[in-house]
Amino acid sequence: MECKITKNNELNVENLKKKIKKRIMIDKSAKLVFLLSALFALLVLGILIYRIFTQSIGWLDIQFLTSKLSIFPEKAGIFGAIVGSFLLMVIVAPVTIILGVSTAIYLEEYSSKGRLQTLIKTNISNLAGVPSVIFGLLGLTVFGRLLNLGSSILAGGLTMSLLVLPIVVVASQEAIRAVPGFLRDASYAMGASKWTTISRVVLPVALPGILTGSILALSRAIGETAPLVVLGIPTLILKIPQNIMDDFTALPIQIYYWTLDTVLTAEYANLAAATIVVLLLMLFTLNSIAIIIRNKFQRRY
Amino acid sequence: MNNNVREIILKNNKKQKKSLDNVMPVIFFTAALISIITTIGIVLTLVFDALKFFRAVPFADIFSTQLAPLAANPRFGILPLINGTILTSLIAMMVAIPVGLTSAIYLSEFATEKIRKRLKPIMELLAGIPTIVYGFFAYSFVTPLLMAVIPGLEAKNALSPGIVMGIMIIPLVTSLSEDAMNSVPNALREGAYALGSTRLEVAVKVVIPAAISGIIASFVLAISRAIGETMIVTIASGSSKNFTFDITKSIQTMTAYIVEFTSGDAGSGTVGYYSLYAVGLILFVFTLLMNLLAQYISRKYREEY
Amino acid sequence: GQTEDEATTGGENQENTAGENQDVEETKLEGAVIVDGSGTVYPLMAHIAEEYMTNVQPDVSVQVGRAGSSAGFKKFIPGELDFADASRKIKDSELAQLEEKGLKLGEDVLEFKLALDGLTMVINKDNDWAQEMTKEEIINMYLSGHYKADDKVLWSDIRPEWPAEEIKFYGPNENHGTYEFFWEKILDEQEMVKTANLQQEYSTLVDLVSKDKNAIAFFGFGYYVNNQDKLTAVKVDFGNGPIEPTLETIGEDLPYSGFTRPVFTYLNAQYAKEKPQVLDFAKYVVSPEGAQRLAGDNGFAPLPAAQYEGYLKQLEAIK
Amino acid sequence: MGGLPLKTINELKDEKKAIFSIKNLNLWYGNDQALKNINIDIMEKEVTAIIGPSGCGKSTFIKTLNRMVEMIPIVKTSGEILYHGKNIFDKGFGVEELRTTVGMVFQKPNPFPKSIYENVVYGPKIHGIKDKRKLMEIAEESLKSAALWDEVKDRLNDNAYGLSGGQQQRLCIARCLAIQPDVLLMDEPTSALDPIATHRVEGLIEELKNHYTIVIVTHSMHQAARISDNTAFFLSGDLIEFGKTQAIFSKPRDKRTEDYITGRFG
Amino acid sequence: MGGLPLKTINELKDEKKAIFSIKNLNLWYGNDQALKNINIDIMEKEVTAIIGPSGCGKSTFIKTLNRMVEMIPIVKTSGEILYHGKNIFDKGFGVEELRTTVGMVFQKPNPFPKSIYENVVYGPKIHGIKDKRKLMEIAEESLKSAALWDEVKDRLNDNAYGLSGGQQQRLCIARCLAIQPDVLLMDEPTSALDPIATHRVEGLIEELKNHYTIVIVTHSMHQAARISDNTAFFLSGDLIEFGKTQAIFSKPRDKRTEDYITGRFG
Ligand SMILES: Nc1ncnc2c1ncn2[C@@H]1O[C@H](COP(=O)(O)OP(=O)(O)OP(=O)(O)O)[C@@H](O)[C@H]1O
Ligand SMILES: Nc1ncnc2c1ncn2[C@@H]1O[C@H](COP(=O)(O)OP(=O)(O)OP(=O)(O)O)[C@@H](O)[C@H]1O
Ligand SMILES: [Mg+2]
Ligand SMILES: [Mg+2]
Ligand SMILES: O=P([O-])([O-])[O-]
């Protein structure tokens, strides 16, 4: 064993002290830079909301919310788009939830660990990464053309459902997985069959998680634009849609067309901004509901 | 004891056919297949018509810089689109990676619990804003701002949508990188702090190297998102089909090409119509590879500890 | 300013017509009318459609698109549309395709000339040199290879006293009748400069030209007249001195006739027979309430009243 | 009880017979054998205690009786378990039916996150009883049998998670009783409870043993000695000794049993 | 060390003085007090062992000496720790500086997921030494001092995770030594190791105690008795007894110390 006699003069106290001061300075400045960087998100969010809010002032009123579309900014309203978005959700919600929860139940409760399960799981995570515009092409080709649904609410809704399906599947899987095994055991020990156990014990307990995921999926669907544009929503459509076979316009579509035509009619920018405020409020509400559900039904076992 | 409960139950059990128990798994399995069918649907949709395109257009023409799909003698060089896509994605990454990563470092290594609790919801909010809103923001705020600063910037350009796309992706990079850093065992941090390291040194020399694959996976996913992003570029990049590396000029991405084409002429069986699917297929393959790569990388890093 | 004026006139008209139409209105119709095609005609058609839906048949849904004239015909031929708007006459090739489907122009497909448009060359407000050009100069600058092999044409190539800066050529893309009119009728089907940046949306063109000093574009007069604050129209010299496009100069026998063209809508008469709302809307388009009244507001020169009356008679014959 | 003709307690005592006959039972978790050639008869209307050190296979054994052990996919079994003379491993033997007549109470109370009432009527409901009045009757009766009625009768619609641990365990017992099983399997039913709650549950078990066949796993020698008629001592998967409780506790035949009982290991 | 004039070992022995003087130290995790009014002097170039049952505050105490305990946000302290006469809790006292001269070895070996070489030179590098040759020198010296050199000299660029547990722990010690600390804090440095590795690390510590002030937490009475000069016995946050190791192990003043040492509890 060697003695530590070779004294390293670079590591002497004076030297170290000087260097440490410098290092602490660098550390402090880095912290500041990182903080600013983290605050950048806040800044952008602030500017974005401020800009959109101020642009919407004077335009967002009852008349705007309850009127039909118009080429004249003063008369224009987004009632049709609101109804369109709503009816779209009427399709998306049940289709996605039924398909998504069923898939999750299959993966978590029925499938045995094997190639098929892995295939479905990988497939779902990859599906989640497919650009939405590709779903638009799928919708256009399969629902629009092949099934002849055109650019109806049904076609749009089915397209959106497939787009947000992975969100619901993953959230439901997590919720189902989080149901403790001892609850299942209790049910099986009473002579309950598998489906009885799933429907009466597992699903009710997993419900908050499933709901949260479903709401997040809806809020994604409500803001998606590209698939609808690709599906071919007409530029001007005044009629308030009545049923799911009607052609329609939706809030993001309206924002898109008004943004496009801003140079032609400057006030369209205000209409777009006002529509964005409505859209953001809807998203905010949906997300708040999701958070409330999440907090309210936090696990008690 | 009420004696007949047992009898009722036994009687019920005898007549109760277990039909639901036999039917439900089939239903669930079918539902699970839908996701596979969707993928197959996407692939078939794209490949079927893309093949017609590849058969109709010579390979040399496809890999040229000449793109004029509607012209009397149409040209289908895909390079302008790929170039436009890469250009905007690069700009986006140049915004998203530094800001996203440093934010993640801040949140994971510097911030107190309190600050973290306040900043994270803001990130989540930013992540939840629809892309069309970012598109509007790019067009109505960022582009005019940039034009005031950069002379010669065209009203539609690659820079503005690139930057806004970057902003849009920041939360993704931040949250995934932060997850990766959080999974670095605290023992490593302690080891470094005990040697007199500052927070920065711990972050840069210990945490980031240990979390590097997770961080890189987040970058790859972010690139994939940027490549697939549609509305921002459609609104703000101006759909010029020129092959240019000049970010002040108008360009077109693959996604924007699809939107432009479908909002004009998506009606018929021309080569131009098939080109839509060819571009879609290339886009699909691009993003799929990116996603698989990200999954592969992040699976690797999970194995490390 | 522009749009507000338009809006208020729109509003007044609406009150008037509302009163008049109450007598005319017979039956309440419903269903959809699907219109697509020309982006040039779009503002006029959208305006007509909106008036129709607000004042005449509130339960009918008229959907108006603006994919471009050629794109419109591509949807019209297989029967996806009730109306195809067009800023050019239907081509023989398109007619042939219609006939393949058993549709004859004049019987199953009716052509209505709606108004006259003046193709307008627009430049940036800051462009103080190219405010007047001869027709030849315009043709030459857009011709591929005329000035430069790589088509990077400078203003000074056209006139030496103009700045030595590269011209940015813009125009609508090949989906649009306006492009075809320009290419066929003005460039005489010679190749256009490769540097031209062709766009799907007219709004994008307006935006680009309004923000680029060296830009030049061509499109219908309507898109210029509604954006006069952002654009300058080039006065074109057809041989008799520079002519500014205005509603007074656009017309077949008027000074701007060199760049004047009619705009159309094509009706699928079979659908008009089957669907009363299509027929009714067609009548409204050609009625005095329709194109005739609203053309001016949207930057078109109206046709003589007799022409519209003829169309109305043609439609009345359908049933 | 349940379909069998009612007899006086004396008659029953005389006619006692094996409700479960376990023959050459072996059980593996993957390649690890957890039960080795077990032979036991579980006598009707008696309490059988299962004792043994941790990991010896007590839980595994008791879970085999209602085939809950099959929930773990890697489990393999051989041998026979005759229940009322029929092999429960037979293809034709429905596990739902088995579990309907063989109730189980777990170590940790596991009520459903539902109301007290819903917990108790869960079994009757899934087995097809829908009549509200009938269900209420069953709930009251079961809660009374589980010595819980007085404590909860005014809050039947409250969530079961609001109950104390001991109350929850009694609720789980009531939930079992509601479908009137023949047999109650109990896996250390008091080990997660505090002493007072343990006392209450133990008292309840002593009540129940008059009406049910009970198989109880326990770590407490006192509990085993006090409650059970028969005791089985397991050691690393082997059944070391089985017999009358009194006999086992007073003069165990096997040295290991004695060591265990006197607290020398385990 | 570090700036102090070099003296011969004999001189040092004579002049021994407290390198750490802990005065009235209290420490709370939130509202739970984990250290109660501790007063100890840690003598220079001596080994101080900290013993006591689990949860008594040993780790807390040792982590307070290099202020690592502050990594837990809820920690509050009162009192003074004088290091070379200066209070380490003072505003002006930099923790980086403190930790540079007070090294720490953890219970579980925690090398960085880097090469062996990079692990050792981590400290010198962050302290601004860039010269490659110099770094290599330091690495060699430190690895030799940590009795690891011979085992790793041919694989310095291999990942440290490829080493065995005992090697990893010695690597962590080498990593500490590379910045030439005055004091080494060791929190049960051998408890995660197998007997052979423990033996090697213990041997190393016995070597090191000639050159460093060492504070070592240990569960092993043998270890404490063999290695240390002084021993401190903690019990639920209180310092029960502190003194010469020999004295404490031969005739503890406090009954509780005796009970603990003789293995009667803990
Ligand atoms: N799910 C399982 N997978 C694999 N092995 C298991 C499983 N459950 C139990 N074992 C093994 O089977 C053996 C018996 O376990 P069991 O749970 O029956 O013991 P026990 O007597 O109930 O113990 P305790 O008193 O701790 O509850 C043990 O060796 C255990 O490790
Ligand atoms: N991060 C923490 N937050 C709250 N309390 C803590 C924390 N760390 C330790 N404690 C508490 O402080 C007390 C002392 O803990 P400490 O880790 O110092 O004990 P120890 O003597 O090192 O025990 P062991 O021998 O098990 O390592 C314990 O009661 C423990 O619960
Ligand atoms: Mg057990
Ligand atoms: Mg400790
Ligand atoms: O849109 P167009 O009028 O040019 O066809």
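Predicted model: local features only at pLDDT ≥ 70, side-chain atom pairs only at ≥ 80, totals over all residues.
Among the seven pairs of chains that touch, the most contacts are found between chains A and B. On this interface, 71 residues of chain A are in contact with 71 residues of chain B, and the area buried between the two chains is about 6300 Å², of which 76% is given by carbon and sulfur atoms. Phe34(A), Leu137(A) and Trp195(A) contribute more than any other three residues to the area that chain A buries against chain B, although together they supply 10% of it.

Polar interactions across the interface of chain A and chain B were also counted, and the rule finds 19 residue pairs in polar contact, with both residues at pLDDT 80 or more. The elements of chain A that give two or more residues to the side touching chain B are helices, including H1 (13-56), H3 (79-110), H8 (194-223) and H11 (268-296). Helix H1(A) provides the largest share of this side, namely 21 residues. When the side of chain A that touches chain B is sorted by class, it has 49 nonpolar, 16 polar and six charged residues. The count of salt bridges between chain A and chain B is one, and in this salt bridge the side chain of Arg23(A) meets that of Glu201(B), with a distance of 2.7 Å from N to O.

Over all chains, the structure holds 56 salt bridges. One that lies within chain A is formed by Arg184(A) and Glu109(A), whose closest N and O atoms are 2.6 Å apart. Arg184(A) belongs to helix H7 (residues 181-189) of chain A and Glu109(A) to helix H3 of chain A, so this pair ties together parts that are 75 residues apart in sequence.

Chain B is divided into domain 1, which covers residues 2-56, and domain 2, which covers residues 67-301. The C-alpha centres of these two domains of chain B lie 37 Å apart, and eleven residues of domain 1 are in contact with ten residues of domain 2. The area buried between domain 1 and domain 2 of chain B is about 970 Å², and carbon and sulfur atoms give 89% of it. Within domain 1 of chain B, the residues that lose the most area to domain 2 are Leu46(B), Asp49(B) and Phe53(B), which together account for 53% of what that side buries. By class, the side of domain 1 of chain B that touches domain 2 has eight nonpolar, one polar and two charged residues.

A helix pair in chain D was examined as well. Helix H4 (residues 116-126) and helix H7 (residues 165-177) of chain D pack at an angle of about 35 degrees, and their axes are 6 Å apart. In this packing, Ile116(D), Asn119(D) and Val120(D) of H4(D) meet Leu171(D), Ala174(D) and Arg175(D) of H7(D). The residues of this contact between H4(D) and H7(D) divide into four nonpolar, one polar and one charged.

Methods:
Residues numbered from 1 in each chain as written. Chains lettered and ligands numbered in written order. Heavy atoms only, no water. Domains from an automatic or database assignment. Contact = heavy atoms within 4.5 Å. Buried area = accessible area lost by both parts, 1.4 Å probe. Nonpolar A, V, L, I, M, F, W, Y, C, P; charged D, E, K, R; others polar. Axes fitted to C-alpha atoms, helices over the stretch in contact; angles between N-to-C directions. Helix = DSSP H or I, 4+ residues; strand = E, 2+ residues; numbered from the N terminus. Salt bridge = Lys/Arg side-chain N within 4 Å of Asp/Glu carboxyl O. Polar contact = N/O pair within 3.5 Å; in protein donor to acceptor, adjacent residues only side chain to side chain.
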